[in-house]
Amino acid sequence: MQLRLPCLFALTLLAACASDEPAPTEKEATPSIPVQAALPAHMRELSGMLSSTQGYLPAGSEVEVALLVVDDRDRPRQLLASDRLVATGGAMPFRLVFNPQSFPNSARVELRARVIQSGQLAWRLRPLQILQAESRALGELRLERAP
């Protein structure tokens, strides 16, 4: 009888703790937040937001961002970093990771961006000259309608 009472108490306690719903898994418990990979110590990055004069980029359009070495005639000579994104209908964040050792000291380096909609150039960023091979947050950059 003395042994039956503690066993009955333990079973009652276990039954009270039981639940019909399984505990949420780690993936369900945490909200989906995009995580950027850590930047290696030897690399640098340029980051910011691209938007248009209307404040948004057309959903489904292709956004191209590039860090280029440009010659005296404004022709691209070397690609340092690039990224292609698909616009979601709002401002578009970007992040370009580049190696500072490939950044030329005497040449002109520019950040360029464009938006392709239905196969045609719709928006473009006026070339932004990048003077130093260091990480920078460029803030919001406004693209203008392509001629």
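The legends below describe close-up views of a predicted model.

**View 1. The largest pocket and its lining.**
The largest pocket holds about 270 Å³ of space. Its lining is made up of 14 residues. Glu-64, Ala-66, Arg-112, Ala-113 and Arg-114 are the ones that lie nearest the centre of the pocket. Two or more lining residues come from each of strand E2 (62-70), strand E3 (76-86), strand E5 (108-117) and strand E6 (120-124). Strand E2 gives the most, with 4 residues. By residue class, the lining of this pocket divides into 7 nonpolar, 1 polar and 6 charged residues.

**View 2. Surroundings of Arg-112.**
Arg-112 is part of strand E5 and is one of the residues nearest the centre of the largest pocket. Its side chain makes a polar contact of 2.8 Å with the side chain of Glu-110. With neighbours within four places in sequence left aside, Arg-112 is in contact with Glu-64, Val-65, Ala-66, Leu-68, Val-70, Asp-74, Pro-76 and Pro-127. Of these contacts, Glu-64 and Ala-66 are also listed among the residues nearest the pocket centre. Between Arg-112 and Ser-82 there are 9.4 Å from C-alpha to C-alpha, and the two are 30 residues apart in sequence.

**View 3. Strand E8 with strands E1 and E6.**
Strand E1 (residues 44-52) pairs with strand E8 (residues 136-145) in the parallel sense, over 6 bridges. Ser-47 stands opposite Ala-137 of E8. Strand E8 is also joined to E6, here by 2 bridges, and these strands run antiparallel. Trp-123 stands opposite Arg-145 in E8.

**View 4. Asp-74 in the loop between E2 and E3.**
Most residues other than glycine have a negative phi. Asp-74 has a positive phi, near 65°. Asp-74 is found in the loop that lies between E2 and E3. Its relative accessibility is 43%, so Asp-74 counts as partly exposed. Asp-74 is also one of the residues in contact with Arg-112.

**View 5. Ser-118 in the loop between E5 and E6.**
Ser-118 is not a glycine, yet its phi is positive, at about 55°. The residue lies in the loop between E5 and E6. Ser-118 counts as exposed because its relative accessible area is 76%, and the cut-off for exposed is over 50%.

Notes
Residues numbered from 1 in each chain as written. Predicted model: local features only at pLDDT ≥ 70, side-chain atom pairs only at ≥ 80, totals over all residues. Heavy atoms only, no water. 1 Å grid on protein atoms, 1.4 Å probe; cavity = no way out; pocket = protein on both sides within 12 Å on 5 of 7 lines; lining within 4 Å. Points joined across faces, edges and corners; volume = space filled by probe spheres on them. Nonpolar A, V, L, I, M, F, W, Y, C, P; charged D, E, K, R; others polar. Pairing = 2+ DSSP bridges. Buried < 20%, exposed > 50% of the residue type's maximum accessible area, 1.4 Å probe, protein only. Contact = heavy atoms within 4.5 Å. Polar contact = N/O pair within 3.5 Å; in protein donor to acceptor, adjacent residues only side chain to side chain.
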